[in-house]
2 protein chains.
Amino acid sequence: MTRSPLALPFPAIPTIAGVTPHVARAGYKPWDRADLTFVTLDEGTVVAGVTTQSKCPSPEVEWCRKALVLGRARALVVNAGNANAFTGARGRAAVEAIAARTAAHLGCQPSDIFVASTGVIGVPLPIDKAEAGLDAAFAAPAASWEEAADTIGTTDTFAKGATATAIVDGRTVTIGGIVKGSGMIAPDMATMLGFVFTDAAVEPGFLQDALAEANRDTFSCITVDSDTSTSDTVLVFATGQAGNRVLGDATDPGADAFRAALGDVCRQLAHLVVRDGEGATKFIRVDVEGADSDRSARTIAMSIANSPLVKTAIAGEDANWGRVVMAVGKAGEPAERDLLSIRFGGIEVAREGLVVEGYDEAPVAAHLKGQEIEIGVNLGLHEGRATVWTCDLTHGYISINADYRS
Amino acid sequence: MTRSPLALPFPAIPTIAGVTPHVARAGYKPWDRADLTFVTLDEGTVVAGVTTQSKCPSPEVEWCRKALVLGRARALVVNAGNANAFTGARGRAAVEAIAARTAAHLGCQPSDIFVASTGVIGVPLPIDKAEAGLDAAFAAPAASWEEAADTIGTTDTFAKGATATAIVDGRTVTIGGIVKGSGMIAPDMATMLGFVFTDAAVEPGFLQDALAEANRDTFSCITVDSDTSTSDTVLVFATGQAGNRVLGDATDPGADAFRAALGDVCRQLAHLVVRDGEGATKFIRVDVEGADSDRSARTIAMSIANSPLVKTAIAGEDANWGRVVMAVGKAGEPAERDLLSIRFGGIEVAREGLVVEGYDEAPVAAHLKGQEIEIGVNLGLHEGRATVWTCDLTHGYISINADYRS
């Protein structure tokens, strides 16, 4: 798989006290690479998570949802190469076996073990391979964050990580995260899985609220192809070893700093997924303002970001503002054609429902030749605003998803 | 433009009493073809219509909506090559000028004239070209239905028409229609415009109800790329010259036969649009049953039909039922993973949430090699059902929409 032209280098994520990643080879597919990630978490670790909106979630998602209620974690196990989705009782049994074996190894409850899988749909995860892989992982030395990021990947073309720090209660807390995904879901391989780790001391309820808020503006604001995986999962683990007074409420000192840093890591990770979008050659930011409400703005922004005609226009470096109008119109949200203005790269091309007087396409065309594209829409109605990110739709997407037999 | 591999030959549409098509060259683009269609309708013609759901409709759509309230028609004018959408007051003025000149020629009210345009967005329709084209059309001899179908087309790769008859009150009434469109909207050229003509005698309210019903199951159940034009319009004109007793109510004798024939023509026309879908190589029928309601079934069927991953899988002749599960799951409608069954070409591949015992891909693969693909989903919940039609997503779509500069 050719490295995405939009790839960024893997960042230097520091060690996070209480968190130790390991990788091993379970051999879920006949490939020469590690495909099982095992992250141990010291006692006292709390966890929060968000999972797919799909009505047909994988057994891993169902497992995590139940375990999240308890809010405690001792390990994360991630399988790459088999999503274990749509596999009935056998799939559920595989998740239970992984949690039981890991809990026995660590001397904790199975509900302390979080499991995620990504890859082929419809094939039960082979328990024997999972168990052999786990045994190898238990014995493996600590891995680097980049190795862990590589190991959770499937069709990803580059390892994706992000980090940030915040001062909380006079202590520096560190946040580091890894993510995989190169479509909202992809062929028979892929899903968005994101795992964030921090040494901050936080209560589970606070962490859940902070993640939900961060997710709303980051992972929930990206789209590659409008498709939604049965397995999408983002988990945040907090070991509490930074020594700060426990954050329990949004008004606690340092809570804002922590939430900002968590939001920053989630944003970086979300953008990296778009940058590895299947066939992507352009990273597109869509800003909508002047909408009836923020929710309305987001719906319109997503309508633009998911429009095949807008995405192919950007791929063709074509300042086709008519397609943006079309996407605004089809969103079904309040819009007044004759109040609408549209920008590419900050340059207004249409205002109040008409192309601007003396429109000069040259600077717009120059903007579209770059890799980072900005589409701006002002609806001229109220104060609602939203920003979402997507990539273009190219022959590469078709090649990855059609010129291929499972 | 290469003729779609899914094209069908143009049918023999009979003369419809009271309806006379003409074509002329307005020269909206520098091309060597007729691009203005002018259809005269005898006095006494009633009309019904449905228009785009877009919040940013063209001035033609706004014009037709107002004229439809009166329910009477004397002529239809269709401009190809310029959609006149997003053109402010100048666009509105062009529509008014066309209606006024045509009304003056026929000695009727401007509100008796229906206007539709398709093509470039954002460029006001040039009134001088429209007027010169109209004058030529007024003087032109009657054209064939196939000429009219060709003349309303833009990126269409073949002329599209359909016909049916019904016995109403002992008389044979004839229905004929033409349609254009090869995406829900396309580059800077295209929109779905459909025009149906009949000699049946009907009241406007009955005709509107019959069209709304037919539209719900036909034009509203097709999708090429999920994008919606600012100009989509379907109009039905009834001259009343068949001599039947006027149909005014759904319970009138012959009303069922008329509605069935109208539905048949609309279905044929809708399918032809899919068959000319940009880059299409497969005609896909999606049947959903066992859903919570018919509405829910339609939402799920559209989620499948609009999924880029499902559409690329079909393009790749890949029996990737996992992508169908994904599309069911993302629709947001009631679904139970473990009750779901999926068929390709009538062959069950997954049942109760699992791949079928002893699944043999060979007959499914053979089905997928054909041009007519059937995807079936049974949700196992209730009695809701829906059928929609779409096409595959191929390199051809990308080439048409991206490898092109406006």
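**Domains and sheet**

A: The side chains of A:Arg275 and A:Glu372 form a salt bridge at 2.7 Å, N to O. A salt bridge here is a side-chain nitrogen of Lys or Arg within 4 Å of a carboxyl oxygen of Asp or Glu.

Q: Ground rules before we go on?

A: This is a predicted model: local features need pLDDT of at least 70, side-chain atom pairs count only at pLDDT 80 or more, and totals for chains, interfaces and linings use all residues. Residues are numbered from 1 along each chain as its sequence is written, chains are lettered from A and ligands numbered from 1 in the order in which they are written, and side-chain values use heavy atoms, with hydrogens and water left out.

Q: What are the domain bounds in chain A?

A: Domain 1 is 19-275 and domain 2 is 283-402. The bounds come from an automatic or database domain assignment.

Q: How far apart are the C-alpha centres of those two domains of chain A?

A: They lie 33 Å apart. The contact (heavy atoms within 4.5 Å) takes 12 residues from domain 1 of chain A and 15 from domain 2 of chain A.

Q: What area is buried between them?

A: About 1200 Å² between domain 1 and domain 2 of chain A, with carbon and sulfur atoms giving 58%. Buried area is the accessible area (1.4 Å probe) that two parts lose on being put together, summed over both.

Q: How many salt bridges between these domains of chain A?

A: The count is one.

Q: Which element gives the most to the domain 1 side in chain A?

A: α6(A), with three residues of the side that touches domain 2 of chain A. That side of domain 1 of chain A divides into five nonpolar, four polar and three charged residues. Nonpolar means Ala, Val, Leu, Ile, Met, Phe, Trp, Tyr, Cys and Pro; charged means Asp, Glu, Lys and Arg; the others, Gly among them, are polar.

Q: Switching to chain B. What's the strand order in the seven-stranded sheet?

A: β9-β16-β11-β15-β12-β13-β14 of chain B, an open sheet with mixed pairing. Strands (E, at least two residues) and helices (H or I, at least four) are DSSP runs, numbered from the N terminus. Two strands pair if DSSP finds at least two bridges between them.

Q: Which are the edge strands in chain B?

A: β9 (222-223) and β14 (354-355) of chain B; each pairs on one side only.

Q: And how do β11 and β15 of chain B run?

A: Parallel, joined by seven bridges. B:Ile284 stands opposite B:Ile373 in β15(B).
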